[in-house]
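Biologist: I have a structure on screen and want to learn how to read its packing. Can we go through it step by step?

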Amino acid sequence: MKQNYLSIDIGGTHIKMALIDSNGGIHSKKKVRTPHEYDEFIAVLNEEIKLLADEIRGIAFSCPGKVDTDTGIISFGGTLPFLDGVSLIKEFQPKYDMPVSVINDGKAGALAELWLGNLKGIANGLAIVLGTGVGAGIILDGKLYQGKHFQAGEISFMMKPSAAPSYNDMYGFSGSAVNLIQKVNMVLGTEDKKDGTAAFEAINQKDPRVYPIFETYAKEIALMICNIQAVLDLEKIVIGGGISAQPIVTGEIRKQYLAIRTNFPFMANTLTEVEIDSCRFLNDANLLGALYQLLLHDK
């Protein structure tokens with residue numbers, strides 16, 4: 001009997017694939033470059049799926065954009081706009097005669113944490129994914145909450161007060177890990193402004209030229225957490241995304257969150273403190289979460 005599933009995480013640069021069993025055990029992984037034209041994109045996926053079709057019992061997709069998990073239809077597609085209006089369920093389920101599921105990549109990350117990670121056993125929690133923007137997956141009553149239009153958790157679109165609201169007033173801009181790294185590298189004079197290693201080497205050393213930039217960034221995320229907690233009253237929030245591999249990230253966010261509460265006793269006395277931790281899964285989060293969505297959907 002076939003034991004494994006094919007999980008596919010579609011990103012703007014690479015498509016990552018893994019053979020995973022129903023317990024979350026990863027047996028093999030592979031990645032290929034992401035084509036940015038629809039026909040070539042579908043051809044690449046078909047080529048990879050055919051190689052494993054006789055070994056798998058289902059296909060689970062994680063992708064950017066707003067995703068209707070019932071129909072598999074993707075809206076917008078984020079960095080892959082050609083996915084707008086495409087249903088990967090309709091595209092692949094009849095062809096391979098096996099279950100297919102699709103979920104937004106940020107929500108997949110939250111499902112991975114709920115299934116096997118640092119939100120396991122948590123009834124009400126949140127996974128925040130710090131990347132180009134700020135993604136999130138909300139867990140309420142032990143289940144992923146997607147909202148009426150499958151867009152719950154799009155905290156990049158949360159706005160800060162402004163006389164003339166613009167993109168710069170969204171948390172997707174001020175909370176962008178990519179923007180943080182670029183700002184730090186500009187101060188350091190690093191040739192590659194996207195060099196995360198150089199940026200965090202200086203941050204971890206608490207270089208006085210750049211550490212205040214990092215503290216300001218962490219305070220932005222902490223303020224966002226205060227606002228979310230006031231609305232949702234969560235047990236635990238976990239921080240994910242590539243930069244969360246650096247322990248200093250979650251540590252500084254937690255420090256700034258506690259400082260806000262200390263400086264605002266009315267809040268501290270009224271609202272219960274939420275636990276802030278790192279995500280357990282980084283590069284494999286979307287692959288695992290996509291599979292969990294399939295297992296839930298296919299029950």
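Biologist: How many strands form the open sheet, and in what order?

Modeller: Keep in mind that this model is predicted. The open sheet has 5 strands. Read across, the order is E10-E9-E8-E11-E12, with mixed pairing.

Biologist: Which are the edge strands?

Modeller: An edge strand pairs on one side only. Here that describes strand E10 (143-145) and strand E12 (275-278). From one strand to the next, the twist averages 25°.

Biologist: How do E11 and E12 run, and how many bridges join them?

Modeller: Strand E11 (residues 236-240) and E12 run parallel, joined by 4 bridges. Take Ile239: its bridge partner in E12 is Ser278.

Biologist: Which helix packs on the sheet, and which strands does the helix touch?

Modeller: Helix H8 (residues 247-263) does. H8 touches strand E8 (125-130), E11 and E12. The direction of H8 makes about 165° with that of E12.

Biologist: Now helix against helix. What describes two packed helices?

Modeller: Two things: the angle between their axes and the distance between the axes.

Biologist: Is the crossing of H1 and H2 left-handed or right-handed?

Modeller: The crossing is right-handed.

Biologist: Which residues meet there?

Modeller: H1 brings Tyr38, Ile42, Leu45, Asn46, Ile49 and Lys50. H2 answers with Glu91, Phe92, Lys95 and Tyr96.

Biologist: How do the residues of that contact divide into nonpolar, polar and charged?

Modeller: In the contact of H1 with H2, 6 are nonpolar, 1 is polar and 3 are charged.

How values were computed: Residues are numbered from 1 along each chain as its sequence is written. This is a predicted model: local features need pLDDT of at least 70, side-chain atom pairs count only at pLDDT 80 or more; totals for chains, interfaces and linings use all residues. Side-chain values use heavy atoms; hydrogens and water are left out. A crossing is left-handed if the near helix is turned anticlockwise from the far one by less than a right angle, and right-handed if clockwise. Helices (H or I, at least four residues) and strands (E, at least two) are DSSP runs, numbered from the N terminus. Contact means heavy atoms within 4.5 Å. Ala, Val, Leu, Ile, Met, Phe, Trp, Tyr, Cys and Pro count as nonpolar, Asp, Glu, Lys and Arg as charged, and the others, Gly among them, as polar. Two strands pair if DSSP finds at least two bridges between them. Axes are lines fitted to C-alpha atoms, for helices over the stretch in contact, and angles run from 0 to 180 degrees between N-to-C directions.
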